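This briefing covers helix packing, a pocket and cavities. Please look at the structure first, then read the points below.

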Amino acid sequence: MTGGDRISTRIGDWLEGEGDKTLGGLIETFGGKSFAVLFVFLLGVPALPLPTGGATHVFEIIAMLLALQLIAGRQEVWLPARWRRLEMGGPRQRRFVGGLVKLIGTLERFTQPRLRRLFGHRLSNAGFGLCVLLLSLGAFVAPPFSGLDTLPALGVVLVSLAVLLEDFAIVVAGLALGTGGVVLEYALGRAAFSGLSSLL
């Protein structure tokens, strides 16, 4: 992958260049890769190791709606016009996107295409959508202020980056991390329920 073809370079060029800095502009820039790019942006915030108090639920809901589009076989992202006009070029958004660019750039230095023939097909796209749907749901149902949404959200980010970089090894790592987060949620939730039941 040459410097000009790197995903991190393309995102950085989009952010720093002229033109539309809205969500719609991002979709137009990345075309067929828009689903994966949007999942990285949407789940990037809940993937941070900080309690969000449920403030990121709207991002997880949008991610689940997009995942359903992938499962249904859509080739292009559909978003309501109001969402497409969402500004992505403000100071706060620029700091966040800048952090994502650094993360993606680091991965690009240590990854290489693995089993790339598995990417970009109708069935693999549907599988990608199903993984995002389930892990996003796992992040969504995490108790507020618990921080338990971090691992499922990070799993979505890694799987989406794997699709962008066409590296199946990162898919495996993302699924393992995200699934582990969901299992942890279940185990802690069951333990908490049992503890409360014993007190009643």
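Axes are lines fitted to C-alpha atoms, for helices over the stretch in contact, and angles run from 0 to 180 degrees between N-to-C directions. Helices (H or I, at least four residues) and strands (E, at least two) are DSSP runs, numbered from the N terminus. H3 and helix H4 (residues 57–71) pack with their axes 9 Å apart, at an angle of about 160°. This is a predicted model: local features need pLDDT of at least 70, side-chain atom pairs count only at pLDDT 80 or more, and totals for chains, interfaces and linings use all residues. Residues are numbered from 1 along each chain as its sequence is written, and side-chain values use heavy atoms, with hydrogens and water left out.

**Helix packing**

- Angles under 35 degrees count as roughly parallel, over 145 as roughly antiparallel, 65 to 115 as roughly perpendicular and the rest as oblique.
- The axes of helix H2 (residues 23–30) and helix H3 (residues 34–44) cross at roughly 140° and come within 8 Å, so H2 and H3 are oblique to each other.
- The crossing of H2 and H3 is right-handed, while that of H3 and H4 is left-handed; left-handed means that the near helix is turned anticlockwise from the far one by less than a right angle, and right-handed means clockwise.
- In contact (heavy atoms within 4.5 Å), Leu23, Leu26, Ile27 and Phe30 of H2 meet Ser34, Val37, Leu38 and Phe41 of H3.

**Largest pocket**

- On a 1 Å grid over the protein atoms alone, a pocket is an open set of points with protein on both sides within 12 Å along at least five of seven lines, a cavity is a set where a 1.4 Å probe fits but cannot get out, and lining residues have an atom within 4 Å of a point.
- The largest pocket holds about 460 Å³ of space, a volume being the space filled by probe spheres set on grid points that are joined across faces, edges and corners.
- Its lining has 21 residues, and Gly120, Ser124, Asn125, Phe128 and Val163 are the closest to its centre.
- H7 supplies the largest share of this lining, five residues.

**Cavities**

- There are two cavities of 30 Å³ or more.
- The second largest cavity has a volume of about 40 Å³, and Leu23, Leu38, Leu42, Ile62, Leu66, Leu79 and Trp83 line it.
- H3 and H4 are the elements that give two or more residues to this lining.
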